[in-house]
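Dear colleague,

I am passing on the structure we spoke of, and below it you will find what came out of going through it. Please read the notes with the coordinates open beside them.

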Amino acid sequence: MDKKRFFYYQFPAILYALLIFAVSNISNLSITKLLKWQDKVLHFLEYGLFAFFLLRALANSVTRFWKKNSYRLTLALGVLYALSDELHQNFVLGRTVEFYDFLADVSGVVFALVCIKIYWMKKKPKI
């Protein structure tokens, strides 16, 4: 595997996944709320960005299967990571599992994938 390619495409996705895990591991994480649903918006944005990094990593992989199935794999891995993230919080003091956080995470993944797909469809030259 080309190290330059790995650090440019795959490493950001891995690093971001580790960042999500690290933040989820913080006990009694409190964010000043300006809006009622602010935490859900943050979950949505967090996982939308994760989907972007993940799709970028998979679409630029050296493995043909990962490239060909990058959208499906991003969706599956994004949902599984969101689920594992919520379940992980059950074991962190002061944190809880919340279905609506998971729903916001999954919504962020799906929204990002749809936006990226639309962008690429419009960017393709029309023949």
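**Helix α4 and its surroundings**

α4 has 20 residues and reaches 28 Å from its first C-alpha to its last, close to the 28 Å expected at 1.5 Å a residue, where the expected span is 1.5 Å times one less than the number of residues. Please bear in mind that this is a predicted model, in which local features need pLDDT of at least 70 and side-chain atom pairs count only at pLDDT 80 or more, while totals for chains, interfaces and linings use all residues. Residues are numbered from 1 along each chain as its sequence is written, and side-chain values use heavy atoms, with hydrogens and water left out.

**Helix α1**

α1 covers residues 3–24, and its 22 residues reach 29 Å from first C-alpha to last, close to the 32 Å expected. The helix bends by about 45 degrees at Gln-10, and a proline, Pro-12, follows within four residues; the bend is the angle between axes fitted to the seven residues ending there and the seven starting there. Gln-10 and Pro-12 are both among the buried residues of α1, which also include Tyr-16 and Ile-20, and this buried set packs against α2 (38–59) and α4 (70–89). At the N-terminal end, Asp-2 caps α1, with a side-chain oxygen 3.3 Å from the backbone nitrogen of Lys-4.

**The chain as a whole**

The protein chain has five helices and zero strands, assigned as DSSP runs (H or I of at least four residues for helices, E of at least two for strands) and numbered from the N terminus. Of its 127 residues, 34% count as buried, and residues 24 or more positions apart account for 70% of the contacts with a separation of 6 or more. The C-alpha trace spans about 55 × 35 × 20 Å along its principal axes.

How values were computed: Buried means under 20% relative accessible area, exposed over 50%, partly exposed in between (1.4 Å probe, protein chains only). Contact means heavy atoms within 4.5 Å. A polar contact is a pair of N or O atoms within 3.5 Å; within protein, one must be able to donate a hydrogen and the other to accept it, and residues adjacent in sequence count only if both atoms are side-chain atoms.
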